[in-house]
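This report describes the fold and selected residues of one protein chain. Please look at the sequence and the structure before reading on.

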Amino acid sequence: MPSTAIAFISYDRDRGMLTVTFVSGRRYQYYGVSSDVVSAFRNAPSKGAFFNQRIRDRYRFREVTAGAA
């Protein structure tokens with residue numbers, strides 16, 4: 001099922017960096033995320049709920065949206 005909050009996710013296993021693009025167009029990188037967490041995220045029935053419970057406020061992050069201040 002497509003997410004109403006998450007548009008796209010990508011993962012750099014070597015760096016442990018998860019990139020999340022939201023439907024709003026905002027994009028963030030999360031650091032130190034394990035491949036197990038990313039796999040569970042990809043398979044979650046609700047990407048938004050999984051993000052809020054298991055990723056948001058648990059990892060160091062930065063916004064990388066083009067033009068972000």
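The model is predicted, so local features need pLDDT of at least 70, side-chain atom pairs count only at pLDDT 80 or more, and totals for chains, interfaces and linings use all residues. Residues are numbered from 1 along each chain as its sequence is written, and side-chain values use heavy atoms, with hydrogens and water left out.

**Sheet**

Helices (H or I, at least four residues) and strands (E, at least two) are DSSP runs, numbered from the N terminus. Four strands form an open sheet in the order β1-β2-β3-β4, with antiparallel pairing; two strands pair if DSSP finds at least two bridges between them. β1 and β4 are the edge strands, each pairing on one side only. On average, neighbouring strands of this sheet are turned by 20° against each other, direction ignored. Axes here are lines fitted to C-alpha atoms, for helices over the stretch in contact, and angles run from 0 to 180 degrees between N-to-C directions.

| Hairpin | Residues between the strands | Turn residue with positive phi |
|---|---|---|
| β1 and β2 | four residues | G16, about 65° |
| β2 and β3 | four residues | G25, about 100° |

Six bridges join β1 to β2, and Y11 has L18 in β2 as its bridge partner. β2 and β3 pair over five bridges, with M17 opposite Y31 in β3.

How many of the six residues of β2 are buried? Six of the six are, so β2 is largely enclosed by the rest of the structure. Buried means under 20% relative accessible area, exposed over 50%, and partly exposed in between (1.4 Å probe, protein chains only). From β2, M17, T19 and T21 point one way, while L18, V20 and F22 point the other way.

V37, V38 and F41 are the buried residues of α1. Seen down the helix axis, they fall within an arc of 100° (taken from the directions from the axis to the C-beta atoms), so they line one face of α1. These buried residues pack against β1, β2 and α2. The face turned away from the buried side carries the exposed residues D36 and N43.

The largest nonpolar core has 16 residues, and those with the most contacts inside it include L18, Y30 and F41. Such a core is a set of buried Ala, Val, Leu, Ile, Met, Phe, Trp, Tyr and Cys residues joined through side-chain atoms within 4.5 Å. Leaving out residues up to four places away in sequence, Y30 touches, among others, L18, V20, F51, I55 and Y59; contact means heavy atoms within 4.5 Å.

T65 lies in the segment after β4 and counts as buried at 18% relative accessibility. Its side chain has a polar atom 2.6 Å from the backbone nitrogen of R27. The T65 side chain also makes a polar contact with the side chain of E63 (2.9 Å). A polar contact is a pair of N or O atoms within 3.5 Å; within protein, one must be able to donate a hydrogen and the other to accept it, and residues adjacent in sequence count only if both atoms are side-chain atoms.

D57 sits in the loop between α2 and β4 and counts as exposed at 71% relative accessibility. Phi of D57 is near 65°, a positive value in a residue other than glycine. Most residues other than glycine have a negative phi.
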